Amino acid sequence: MLASIYRGAGHGDIPTLPNGLRKMENIHGILIVKDGRLVFEEYFYSYDLSSSHDLASVTKSITSLLVGVAIDQGVIGSAQDKLITYFPDYMPLLDQEAGKDDITIADLLTMRHGFDCDDWDSASPSYYLKNQPWRQDEILYILNLPMAAQPGSDFSYCTWGTTLLNALLIRQTGMELPVFAYRNLFLPLGINDVNWDSTSGDWQYIDGISTMRLRDMAKIGQLMLQNGLWNGKQIIPEDWIERSTTEWVSLPFNLAWGKGYGYLWWISAVPVQGRVVHSFAASGHGGQVIAIFPDLKMVVVLSGGNYEKDQGQPFEIMERFILPAIIQP
């Protein structure tokens with residue numbers, strides 16, 4: 001069924017879906033791993049299995065894994081540590097608002113940092129100042145953002161929170177982020193084709209990964225499905241996987257990519273064929289997704305180019321076609 005729906009779309013010929021459903025556009029690739037086996041793989045719009053695709057905010061979830069590794073290695077104490085204790089040379093801050101000293105690593109991982117920083121709000125300082133070329137020290141700038149709430153309280157989706165975590169990894173490991181990630185995550189998984197955003201200023205690579213192949217994205221998903229175990233070796237601590245996929249935040253609004261939030265992973269549960277299917281996912285702008293379905297022993301990876309609208313298409317594809325094809329009534 002899936003192949004008949006999507007095959008032939010590689011040259012912009014988006015088929016009309018059955019039962020009067022709307023067309024799905026700008027989907028660049030779909031990959032499904034079931035019971036540890038690659039069972040479906042299709043690419044469209046000139047993309048193929050060798051293409052390295054934009055990850056967008058999927059890279060946030062990978063940062064979460066790297067934080068777990070650093071804690072396991074002892075170079076970071078714990079997720080409950082106060083962030084500012086790792087940046088004493090930045091004290092005193094220019095904007096020393098009440099509560100800023102209390103921001104923990106866990107607050108950044110759960111997007112409850114308290115900063116006046118909201119990627120979805122055009123009135124937020126982080127929205128209209130994020131591309132200013134004069135920021136020589138991005139970390140100094142972020143730490144001096146005004147506060148909008150007490151740390152650990154309100155959810156506010158802020159990319160710069162993950163930037164702080166990347167800087168923390170660089171500082172505590174003594175390595176450039178691509179080196180630490182390659183040694184501790186990508187090398188064990190056999191992932192070699194990874195490109196990183198190179199940041200201008202005092203800090204390098206703190207904006208995370210730029211592109212990766214879909215098959216390598218699937219390896220990240222499979223690692224999560226296997227609770228951090230890969231070829232008999234514990235790559236990510238099992239308890240960190242559990243904490244990362246625990247719903248720490250119940251969102252007060254409905255999003256296609258999740259109703260709850262863990263440690264930079266979206267948590268979801270959807271009704272399919274008379275049962276509730278639980279999942280967690282890494283999700284990025286434009287329709288980049290790594291979705292893990294533990295009960296089904298399945299990983300689904302999608303990539304796309306819906307940067308301006310309709311970013312919920314990957315999740316609609318999973319709910320309407322992929323999951324019903326797997327779950328028989």
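Me: Which residues line the second largest pocket?

Reply: This is a predicted model. A lining is read as a list of residues. Here Leu 31, Val 33, Gly 36, Arg 37, Leu 38, Arg 213, Arg 215, Asp 216, Ala 218, Lys 219, Gln 222 and Trp 230 line the second largest pocket. About 210 Å³ of space lies in that pocket.

Me: Which element gives the most to the lining of the second largest pocket?

Reply: Sort the list by element. H8 gives the most, with 5 residues. Strand S1 (27-34), strand S2 (37-43) and H8 each supply at least two.

Me: Is Met 224 buried or exposed?

Reply: Check the relative accessible area against the cut-off. Buried means under 20%. Met 224 has 1%, so Met 224 is buried. Its place is in helix H8 (residues 214-225).

Me: What is Met 224 in contact with, leaving aside its neighbours within four places in sequence?

Reply: The partners are Leu 65, Ile 241, Thr 245, Trp 265, Phe 280 and Ile 292. For another distance, take the C-alpha atoms of Met 224 and Glu 238: 9.2 Å separates them, at 14 residues apart along the chain.

Me: What order do the strands have in the open sheet of 3 strands?

Reply: Read across the sheet. The order is S3-S5-S4, with antiparallel pairing. Strand S3 (52-54) and strand S4 (194-196) are at the edges; each has a single partner strand, so one side of each lacks a neighbour in the sheet. The twist averages 25° from one strand to the next.

Me: How many bridges pair S3 and strand S5?

Reply: S3 and S5 (residues 209-213) pair over 3 bridges, in the antiparallel sense. His 53 stands opposite Met 212 in S5.

Me: Which helix lies across S4 and S5?

Reply: Helix H7 (residues 177-189) does, running at about 155° to S4.

How values were computed
Residues numbered from 1 in each chain as written. Predicted model: local features only at pLDDT ≥ 70, side-chain atom pairs only at ≥ 80, totals over all residues. Heavy atoms only, no water. Helix = DSSP H or I, 4+ residues; strand = E, 2+ residues; numbered from the N terminus. Buried < 20%, exposed > 50% of the residue type's maximum accessible area, 1.4 Å probe, protein only. Contact = heavy atoms within 4.5 Å. 1 Å grid on protein atoms, 1.4 Å probe; cavity = no way out; pocket = protein on both sides within 12 Å on 5 of 7 lines; lining within 4 Å. Points joined across faces, edges and corners; volume = space filled by probe spheres on them. Pairing = 2+ DSSP bridges. Axes fitted to C-alpha atoms, helices over the stretch in contact; angles between N-to-C directions.
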